[in-house]
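Trainee: I would like to learn how to read a model like this one. Could you take me through it step by step?

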Amino acid sequence: MWEYSDKVQDHFFNPRNAGAVTEANATGDVGSISCGDALRLTLKVDPETEVILDAGFQTFGCGSAIASSSALTEIVKGMTLDDALKVTNQDIADYLDGLPPEKMHCSVMGREALAAAIANYRGEEWKDDHEEGALVCKCFAVDAVLIEDTIRANNLSTVQEVTHFTKAGGGCAACHEGIEEILTRVMAERGEAYAAGKAAANAPVLTTDPEKLAAAKRMQTILAAIEAIRPNLRRDHGDIEVLDIEGKTVKVRLVGACSGCQMEAVTLAGVQQKLMEATGEFIRLVPVHAAAHA
Amino acid sequence: MQPVYLDNNATTRVDPLVVEAMLPYFTEQFGNPSSLHAFGNKVGAALKKAREQVAALIGAAHDSEIIFTSCGTESDSTAILSALECQPERKEIITTAVEHPAVLTLVGHLEKKGYTVHRLAVDGKGRLDLDAYKALLSENTAVVSVMWANNETGTLFPVVEMAAMAQEVGAMFHTDAVQAVGKVAIDLKNTAIDMLSISGHKLHAPKGVGVLYLKRGVRYRPLLRGGHQERGRRAGTENVASIIGLGVACELAQQYMEHENTAVKALRDRLEAGILAAVPNCFVTGNPDDRLPNTANIAFEYIEGEGILLQLNKLGIAASSGSACTSGSLEPSHVMKAMGIPYTAAHGTVRFSLSRETTAEDIERVIEAVPPIVARLRKLSPYWGENGPVENPDQAFAPVYA
Ligand SMILES: Cc1ncc(COP(=O)(O)O)c(C=O)c1O
């Protein structure tokens with residue numbers, strides 16, 4: 001079964017603050033019974049200081065849901081509401097010495113219960129931004145609705161892009177077939193055909209911040225693609241140098257036979273094409289001339 | 001304390017007699033059965049014997065109807081894909097909503113490729129409606145694939161009768177009998193069943209060996225093409241040791257069949273009665289009147305199965321759950337959903353599956369362990385009050401994105 005840390009096991013077998021707080025003045029109910037995880041968090045808040053005097057949980061869910069709930073109550077007790085709102089789901093997971101990736105949603109649920117309870121105390125309405133759909137990526141708990149919306153909003157067309165934007169497919173890669181099916185469907189809506197090719201399935205394996213990783217990955221891909229092009233240019237007594245990469249804009253200097261001649265535009269277009277194929281994204285190529293650069 | 005293993009529908013311990021029979025084929029008679037020399041000259045005869053032992057257990061008319069495969073899943077895939085390839089003019093598949101993923105995932109995939117898939121519904125006890133089945137059968141039906149026994153609840157399907165009905169419209173009939181073989185009497189020569197799947201590791205043989213029974217005369221297209229092994233019906237060098245182990249396991253299963261249906265069944269019934277008497281708000285799922293003798297599936301309302309399993313595991317008791325959380329998906333088991341079990345109970349189902357190795361002490365220990373575990377978890381549940389479920393559970397606790 002799951003590799004639960006000792007801390008998770010401890011909080012599951014010996015849950016802290018189980019049950020409803022008596023004289024609670026804040027309640028947050030979140031979760032989904034169909035998904036098998038739901039949590040009621042009750043807080044007793046000091047009206048003068050807004051300090052959380054007591055916290056209790058009632059959870060319907062698996063071992064890590066119970067442990068996350070228990071951890072949450074321990075974390076927030078004694079905090080002011082404003083400080084409590086700064087607690088992230090990662091804080092809950094860290095408190096438990098980590099959760100299996102498939103179980104990170106348990107910590108998210110804890111974080112949502114907290115936000116809901118505080119909203120309840122303040123008389124605000126709490127709205128979750130939870131999208132409900134069939135789970136596609138089980139490693140990062142990304143559902144079909146989110147993937148679809150993201151593809152639509154950003155005009156995505158490769159699995160790799162979907163991974164960059166949503167994390168879906170960045171783990172075990174078992175869901176790439178499912179992501180390709182969604183791509184096919186959504187791209188058809190905008191009149192395009194999904195073309196997988198061979199490389200699309202090789203989306204990168206994510207380990208941390210997807211955006212930073214996407215940028216780093218893109219840079220590597222661009223540099224590798226340029227290296228692959230250079231021998232051809234050299235054969236024609238030319239060369240290309242990368243001066244700068246900023247997001248999707250690549251500044252290059254063409255040298256030798258390629259530079260300045262009428263062929264330049266043709267060469268640039270060819271290089272750009274290669275880069276776009278390699279990255280699966282639109283890449284802008286900006287030629288920088290030696291004079292302008294100096 | 002001795003561990004208690006009640007997860008035999010997931011997999012079984014390899015019988016020591018099976019291991020003993022296998023060992024020489026790793027170290028002494030390790031030759032390729034296709035070779036002529038002395039390192040493998042006994043292998044051919046041993047494979048033949050294994051084929052006979054399997055054929056005997058399922059009442060096959062001919063040994064040659066037994067094709068060894070790598071697992072139950074391969075047998076299921078081979079059977080269904082072969083039926084479709086043999087009858088390109090027929091584009092419909094009939095199966096049930098409660099099949100193992102080995103069948104359901106495959107037919108889902110075929111659906112996307114243009115086949116029409118009918119998934120027969122089940123009632124609250126997991127039973128099929130044969131009139132609905134009859135209405136679906138037609139000249140367009142290529143294959144019917146219906147499991148003999150359900151892996152989660154043990155519920156048996158009337159496959160012999162259903163095979164005869166399929167025959168009337170000329171459709172092929174396949175049954176996934178992975179859970180049934182060795183536990184219920186099977187006599188294929190007197191049925192219209194064309195194809196049947198077996199998996200070794202469910203009957204005290206090793207993992208990674210299976211069988212596809214293919215009735216003589218039934219048209220067939222192999223899944224794996226290559227060498228001449230298994231008469232060209234399943235290429236690839238034979239998993240000799242495991243096949244020989246499976247043969248022995250089948251013979252043992254035959255000997256224990258009576259025991260399974262008397263002693264093991266009595267233990268299962270004792271387990272169920274003991275738990276049901278001691279735990280409020282729980283019930284048996286599936287069809288108690290027509291099911292495997294070794295399986296008990298109990299739904300504990302208002303709690304989630306993984307918690308129960310973790311606590312049982314701490315006491316050295318192994319069982320499994322149809323709960324979503326243990327499988328990494330969020331949805332509860334498709335079998336519970338198909339039976340219309342409410343979510344608050346479906347997530348709390350626990351499957352206890354016994355075997356001939358289960359003892360009366362094992363069962364008493366489980367009966368003792370379960371009630372306090374359930375009580376402890378219910379104390380944490382938002383649906384549970386002081387002494388029972390809260391009033392109007394659905395209204396008392398209605399989480400935001402339920
Ligand atoms: C009903 C059923 N069919 C098929 C299988 C798959 O068998 P195997 O693990 O040998 O592929 C199983 C076992 O998990 C099963 O219970």
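Mentor: We will go from the conventions to the fold, then to the ligand and a few single residues.

Mentor: This is a predicted model, where local features need pLDDT of at least 70 and side-chain atom pairs count only at pLDDT 80 or more, while totals for chains, interfaces and linings use all residues. Residues are numbered from 1 along each chain as its sequence is written, chains are lettered from A and ligands numbered from 1 in the order in which they are written, and side-chain values use heavy atoms, with hydrogens and water left out.

Trainee: How many helices and strands does chain B have?

Mentor: Helices (H or I, at least four residues) and strands (E, at least two) are DSSP runs, numbered from the N terminus. In chain B there are 13 helices and 13 strands.

Trainee: What does the radius of gyration say about chain B?

Mentor: The radius is taken over C-alpha atoms, and the globule rule is 2.2 Å times the number of residues to the power 0.38. For 402 residues a compact globule would come near 21 Å, and the 22 Å of chain B agrees with that. The C-alpha trace of chain B spans about 75 × 50 × 35 Å along its principal axes.

Trainee: What share of the residues in chain B is buried?

Mentor: Buried means under 20% relative accessible area, exposed over 50%, and partly exposed in between (1.4 Å probe, protein chains only). In chain B, 61% of the 402 residues are buried. As for contacts (heavy atoms within 4.5 Å), among those in chain B between residues at least 6 apart in sequence, 72% join residues at least 24 apart.

Trainee: Which residues come nearest to the ligand?

Mentor: A residue is near a molecule if one of its heavy atoms lies within 4 Å of it. The ligand has 13 residues around it, and B:Thr73, B:Asp176, B:Gln179, B:Ser199 and B:Lys202 come nearest. Helix H4 (residues 72-86) of chain B gives the largest share of the shell, three residues.

Trainee: Which polar contacts can I look for there?

Mentor: A polar contact is a pair of N or O atoms within 3.5 Å; within protein, one must be able to donate a hydrogen and the other to accept it, and residues adjacent in sequence count only if both atoms are side-chain atoms. A polar side-chain atom of B:Asp176 is 2.6 Å from a nitrogen atom of the ligand. An oxygen atom of the ligand lies 2.8 Å from a backbone N or O atom of B:Gly72, and a ligand oxygen is 2.8 Å from a side-chain N or O atom of B:Lys202. The protein covers 87% of the 390 Å² of accessible area that the ligand has on its own, by the Shrake-Rupley method with a 1.4 Å probe; for residues, only the protein chains shown count as cover.

Trainee: Is B:Ser82 buried or exposed?

Mentor: B:Ser82, in helix H4 of chain B, counts as buried because its relative accessibility is 1%. Not counting residues up to four places away in sequence, B:Ser82 touches B:Arg219, B:Tyr220 and B:Arg221.

Trainee: And how should I read phi?

Mentor: Most residues other than glycine have a negative phi. A:Glu50 has a positive phi of about 60° although it is not a glycine, and A:Glu50 is partly exposed at 24% relative accessibility. B:His204 also has a positive phi, near 65°; B:His204 lies in the loop between strand S7 (195-199) and strand S8 (210-214) of chain B, and B:His204 is buried at 4%.
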